[in-house]
Amino acid sequence: MDNIILEAKGINKYFHDPNTIQVLNNISFSVQKGEFVSVTGKSGCGKSTLLYILSTMDTDYEGELKIHNLLMRDKSEAELARVRNEEIGFVFQFHYLLNEFNVIKNVMLPGLKLGKYTEQEVEHNALEKLKILGIESEALKLPNQLSGGQKQRVAIARALINNPLLIMGDEPTGNLDKKNSELVFDIFQELAESYQQSLLIVTHDQEFASKTQRTIVMEDGKIIADSKN
Amino acid sequence: MKLKLIASISVSLLMARWRQTLVAAIGVTFSITMFIALLSFMGGLNKLLDGLVVNRTPHVRIYKEVKPTLVQPIDKSANFAESYNFVHSVKPKNERLDVLNSAAIIRALKQDKRVMGVAPKVITQVYYNVGSVDLMGVINGIDVEAEAKLFTFSDYVIAGNYIDLKNTPNSIVLGKGVAEKMLVQVGDIIQITSSKGQMVKLKVVGIFQSGLQEIDKVNSYSSLHTAQKIMGESNSFLTDIQVKLNDINLAPEMAKEFQALYGVDAIDIQTANSQFETGSFIRTLISYVVGITLLIVAGFGIYNILNMMIYEKMDSIAILKATGFSGSDVNRVFISIALSIGLFGGILGLIFGFGLSAIIGQIPFNTSALPTVKTYPIEYNLYFYLVAIVFSTVTTYFAGYLPARKASKIDPVVIIRGK
């Protein structure tokens with residue numbers, strides 16, 4: 001049981017605008033350390049909504065969310081920000097790099113915010129992560145000088161900088177061509193296998209989902225299948 | 001560490017929109033420049049106008065007023081102590097017009113630590129004889145050196161040398177208006193008739209211009225001794241003792257004290273010239289109001305640029321929040337952007353303001369009222385600069401406050417889902 005890093009219990013979520021609609025219905029599941037989980041389902045089934053609740057960014061829900069056995073409800077906005085900073089790494093469909101900073105600075109930002117290490121150490125770590133992802137040669141370029149696949153890899157490096165408990169991805173390959181999608185998948189795979197990194201990836205790409213260790217299928221706000229591949 | 005991080009994010013956001021940022025900063029610079037120039041100019045003007053009166057007016061003037069005795073003999077009678085006494089048509093006694101025991105008073109005043117200096121004076125009514133016409137006039141007998149030192153007498157002597165008044169016996173410095181009416185110049189001899197009917201010949205050694213025409217048309221200066229001679233009085237005869245204090249604010253209190261202590265009449269400068277203080281106050285108020293209005297306008301500029309920046313950088317703010325920056329971190333980023341625009345613009349404004357007031361100070365300004373003033377008056381006062389920088393910082397803080405709060409409240413989920 002100690003290996004459970006994320007646990008959701010009976011999560012309900014409603015949208016109130018314009019009419020009250022239930023988008024998540026009694027969602028319960030947990031993620032073990034080192035697991036590579038994908039959440040899949042049709043567009044509008046609530047999988048992204050679930051991810052944002054699990055990521056602590058969306059706090060308007062019913063039910064219990066525990067990260068590292070700590071209940072997330074009742075935590076202040078600043079405490080949740082700290083949890084996101086330290087425990088969760090994000091990869092979005094769009095890379096969301098800050099164009100004002102170069103690649104290495106983008107990767108360093110969450111590390112500097114954490115403030116656990118000195119700037120030199122954070123820079124060293126950032127370079128390590130870029131090396132894992134094979135883009136250390138681009139470290140001093142600006143994001144808009146990179147290709148789409150490279151940008152997404154920088155975003156993954158940024159997600160890794162604080163050695164998070166869990167990496168969350170919202171359609172991380174949604175904007176990429178087949179070749180780059182495979183590249184990103186291989187990176188995730190390697191992180192899960194070589195570094196025991198837990199991953200929770202939301203995707204509608206069935207092929208991607210089928211290659212992960214475990215797939216959760218959602219429909220109309222409910223989990224309809226949860227199986228190991 | 002954290003401050004440095006926030007600073008570096010602020011700087012990069014600033015640099016991303018440096019043109020608009022510069023325009024906002026220029027707005028602050030412009031308003032601070034005008035604020036400084038306006039206050040310096042108004043301050044200079046105030047000093048000049050106050051100087052017209054304050055520099056020439058004793059802080060406390062001790063004199064003898066001709067008035068009926070307050071306590072009538074009947075009030076002293078024990079028989080009528082309980083009664084209300086009516087005495088009609090009381091007249092002043094025929095008393096001497098000089099300050100009694102003046103030598104002792106001057107000696108005591110000179111030892112008083114609050115007193116900067118003492119200048120005795122004899123004021124007497126005369127007639128200037130111009131052919132068959134007699135012009136009304138007043139001769140002020142002064143201690144030339146004390147008057148020059150305490151009341152900048154020398155500044156107002158526009159022809160001749162003021163010190164000749166002391167060195168030449170029976171000499172006079174005529175008011176400009178009087179001299180014009182009598183058609184005399186420095187070196188001429190004029191004749192006057194004293195209030196007691198005595199005719200005296202005096203040599204004109206100078207002409208003075210005070211800037212107040214009414215004074216220049218009537219007044220003249222002579223040495224104490226000459227004035228006493230014209231009046232036919234001894235050399236202890238003084239009608240006024242002028243006192244200049246180290247701290248002008250003590251004047252009302254000290255006037256009362258002298259009145260009680262020496263049994264004389266004393267009036268302080270604040271009571272005698274209250275209208276000047278009101279004028280200065282209003283002028284200062286107007287310059288502050290104009291300056292602050294300019295700053296508020298600049299504040300709206302900053303508000304606009306920050307709002308625009310927030311709309312543009314919505315994605316960046318969202319990702320910062322998603323990766324663990326809290327609302328207050330984002331708030332600090334935008335507040336520090338606003339403050340740095342304010343500080344940068346403000347400091348430039350101080351420099352330009354100093355420059356502008358220095359330029360104004362070089363513009364020729366000749367007025368017959370003020371013989372010593374050749375250029376526009378400027379007051380250089382560190383206080384104005386302090387007020388300006390504090391105002392600019394405070395205004396920009398408030399201009400940044402609302403946009404920063406808005407940025408801190410941005411919901412990353414809404415932004416990221418919207419893509």
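User: Let us take chain B. How many helices and strands are there in chain B, and what do its fold and its parts look like?

Analyst: Chain B holds 17 helices and 10 strands. Keep in mind that this is a predicted model.

Start with the overall form. Chain B has a radius of gyration of 33 Å, whereas a compact globule of 419 residues would have one near 22 Å. Its C-alpha trace spans about 105 × 65 × 35 Å along the principal axes. Of the 419 residues in chain B, 37% are buried.

Domain 1 of chain B covers 2-54 + 276-418, and domain 2 covers 60-75 + 95-269. The C-alpha centres of these two domains lie 52 Å apart. Among contacts in chain B with a separation of 6 or more, 79% are between residues 24 or more positions apart.

Now to the strands. Strand 6 of chain B (residues 189-194) has a partner in strand 2 (residues 115-130). The two run antiparallel and share four bridges. One pair to look for is B:N129 with B:Q191, its bridge partner in strand 6. Strand 6 also pairs with strand 7 (residues 199-208) of chain B, again in the antiparallel sense, over five bridges. Here B:I190 stands opposite B:L202 of strand 7. Strands 6 and 7 of chain B form a hairpin, with four residues between them. In that turn, B:G197 has a positive phi of about 90 degrees.

Helix 14 runs over residues 314-322, and seven of its nine residues are buried, so it is largely enclosed by the rest of the structure. The buried ones are B:S316, B:I317, B:A318, B:I319, B:L320, B:K321 and B:A322. After helix 14 comes B:G324, with a positive phi near 110 degrees.

Helix 1 of chain B (residues 2-16) contains B:L3. Is B:L3 buried or exposed? B:L3 is exposed, because 9 other C-beta atoms lie within 10 Å, and a residue counts as exposed at 12 or fewer. B:L3 and B:F300 are 297 residues apart in sequence, and their C-alpha atoms are 27 Å apart in space.

Chain A has seven helices and 10 strands. Its radius of gyration is 17 Å, close to the 17 Å that the globule rule gives for 229 residues, so chain A is as compact as a globular protein of that length. Its C-alpha atoms fill a box of roughly 45 × 40 × 40 Å along the principal axes. Buried residues make up 46% of chain A. For contacts in chain A between residues at least 6 apart in sequence, 68% join residues at least 24 apart.

Finish with helix 5 of chain A. Its 13 residues, 148-160, should span 18 Å at 1.5 Å a residue, and the end C-alpha atoms are 19 Å apart, which agrees. Helix 5 of chain A is mostly covered, with 11 of its 13 residues buried. Among them are A:Q150, A:V154, A:I156 and A:L160. The buried residues of this helix pack against strand 6 (88-91), helix 3 (103-114), helix 4 (119-132), strand 7 (166-170) and helix 6 (178-195) of chain A.

Notes
Residues are numbered from 1 along each chain as its sequence is written. Chains are lettered from A and ligands numbered from 1 in the order in which they are written. This is a predicted model: local features need pLDDT of at least 70, side-chain atom pairs count only at pLDDT 80 or more; totals for chains, interfaces and linings use all residues. A residue is buried if 20 or more other C-beta atoms lie within 10 Å of its own, exposed if 12 or fewer, and partly exposed in between; C-beta atoms are placed from the backbone. Domain bounds come from an automatic or database domain assignment. The radius of gyration is taken over C-alpha atoms; the globule rule is 2.2 Å times the number of residues to the power 0.38. Two residues are in contact if their C-beta atoms, placed from the backbone, lie within 7 Å. Two strands pair if DSSP finds at least two bridges between them. The expected span of a helix is 1.5 Å times one less than its number of residues.
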